[in-house]
Amino acid sequence: SLKDWSIDNGKWFFSQSARSLGRAQRKEALDKTESLPIKRQCKLLNIARSTAYYQAVELSDEEFEIRRIVDEIHIKYPFMGSRRIRLELAKKGKSVNRKRVVRIMRQMGIAALYPKPRTTVPNIAHKIYPYLLRNLEVNYANQAWAIDITYIPMKRGFLYLVAIIDWYSRKVLSWRLSNTMDTRFCLEALEEALKHYGAPDIFNSDQGSQFTSTEFTKKLADHNIGISMDGKGRWVDNVFIERLWRSLKYEEVYLKAYTSPREAELEIANYMVFYNEERNHQGLNDLTPDEVYFGRQRFAA
């Protein structure tokens, strides 16, 4: 945006903070009304010039249906990789080659969840924290929170949903939708939860780049929150939020074909209210998350 550009001795410069943005955010920073040519903006932002003019193509009905089935298979069998998902698609009458399945899974941000060899070294700027919830008895609200991202299919295109839940009560504390998996919408969800519910003792996530980023972990550290991260491929470490995704998908998302992000936002908002205030949970002695959260919350002295 305009505030990110400066000029010195006839040369244009882009702010350091803007340069650190993710690819999707850098694309948003392009401004075709600026006097600086688009070609130059793309070079400064380190993105291909074709990116500036790319327009997303709407998904066909067939592609939408295949993605919906892939998402459903992954929710039900999170350990399945592209080969087995291709076989499951074939059982449902969808003949799709493995290369296409791999591409779809990559675009949806999903992968088989199982222990894998460590083949890469994490960026030193993205510290990986230990898992703090193993064998820990969680017995009061705000003792531990968890965050995760899931894929939301629409009639045309898709969105990503991030949510934060309280482990003890299963209450959804905040959530956000985005068309990109960047850090920004995750931070917005975190800030909203902190604003309305205070700070937890422990905050758990997977090792996704959104949650290991310096900006995200600093926000947690600034509130003296213990940072916990799942082991790679261990979906069971974040089992309660995985159960939330399963409920959301089967009770809301798979029953509808959202025609726009606005419709998705409204319908998911209605479901989150139902989930927190009306949906009884067997694991909570048939109470709702709100009843458990507000009934047993422990306040600091």
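User: Which residues of H6 meet H7?
Analyst: In this predicted model, Ser-82, Arg-83, Ile-85, Arg-86 and Leu-89 are the H6 residues that meet H7. On the H7 side, the partners are Arg-98, Val-101, Val-102 and Met-105.

User: And how do H6 and H7 cross, at what angle?
Analyst: The two axes cross at roughly 110° and come within 9 Å. H6 and H7 are therefore roughly perpendicular to each other, since angles of 65 to 115 degrees fall in that class.

User: What about H5 against H6, what are the angle and the axis distance there?
Analyst: Helix H5, residues 61-76, packs on helix H6, residues 82-91, at an angle of about 120°, and their axes are 10 Å apart. That angle makes H5 oblique to H6. The crossing of H5 past H6 is right-handed.

User: Which side chains are involved, residue by residue?
Analyst: From H5, Ile-66, Ile-69, Val-70 and Ile-73 take part. They meet Ile-85, Glu-88 and Leu-89 of H6. Ile-85 and Leu-89 are also among the H6 residues that meet H7.

User: Is His-281 buried or exposed?
Analyst: His-281 counts as buried, because its relative accessibility is 9% and the limit for burial is under 20%.

User: Changing topic to rings. How many aromatic pairs are there?
Analyst: The count comes to eleven aromatic pairs. One of them joins Tyr-197 and Tyr-293, whose ring centres are 5.6 Å apart and whose planes stand at 85°, so this pair is edge-to-face. Tyr-197 lies in helix H8 (residues 183-197) and Tyr-293 in helix H13 (residues 289-295), so the pair ties together parts that are 96 residues apart in sequence.

User: How accessible is Tyr-293?
Analyst: Tyr-293 counts as buried, with a relative accessibility of 1%.

User: Which rings form a cluster?
Analyst: Tyr-151, Phe-158 and Tyr-160 are linked into a cluster by ring pairs.

User: Which arginines lie over ring faces, and at what distances?
Analyst: Arg-170 lies over the face of Phe-240, at 3.8 Å from the ring centre. Arg-68 lies over the face of Tyr-254, with 5.9 Å to the ring centre.

User: How far is Arg-68 from Lys-155, in sequence and in space?
Analyst: Arg-68 and Lys-155 are 87 residues apart in sequence, while their C-alpha atoms are 9.8 Å apart in space. Lys-155 lies in the loop between strand E3 (144-153) and strand E4 (158-166). With 29% relative accessibility, Lys-155 counts as partly exposed.

User: Where do Asn-142 and Asn-224 sit?
Analyst: Asn-142 is in the loop between helix H7 (98-108) and E3, and counts as buried at 8% relative accessibility. Asn-224 is in the loop between helix H10 (214-222) and strand E7 (226-229). Asn-224 is exposed, with a relative accessible area of 71%.

User: To finish, what are the totals for the chain?
Analyst: The chain has 13 helices and seven strands. Of its 301 residues, 46% are buried. Among contacts between residues at least 6 apart in sequence, 61% join residues at least 24 apart.

Methods:
Residues are numbered from 1 along each chain as its sequence is written. This is a predicted model: local features need pLDDT of at least 70, side-chain atom pairs count only at pLDDT 80 or more; totals for chains, interfaces and linings use all residues. Side-chain values use heavy atoms; hydrogens and water are left out. Rings of Phe, Tyr and Trp (its six-membered ring) pair if their centres lie within 6.5 Å; planes under 30 degrees apart count as stacked, over 60 as edge-to-face and the rest as tilted. Helices (H or I, at least four residues) and strands (E, at least two) are DSSP runs, numbered from the N terminus. Buried means under 20% relative accessible area, exposed over 50%, partly exposed in between (1.4 Å probe, protein chains only). A charge sits over a ring if NZ of Lys or CZ of Arg is within 6 Å of the ring centre and within 35 degrees of the ring normal. Axes are lines fitted to C-alpha atoms, for helices over the stretch in contact, and angles run from 0 to 180 degrees between N-to-C directions. Angles under 35 degrees count as roughly parallel, over 145 as roughly antiparallel, 65 to 115 as roughly perpendicular and the rest as oblique. A crossing is left-handed if the near helix is turned anticlockwise from the far one by less than a right angle, and right-handed if clockwise. Contact means heavy atoms within 4.5 Å.
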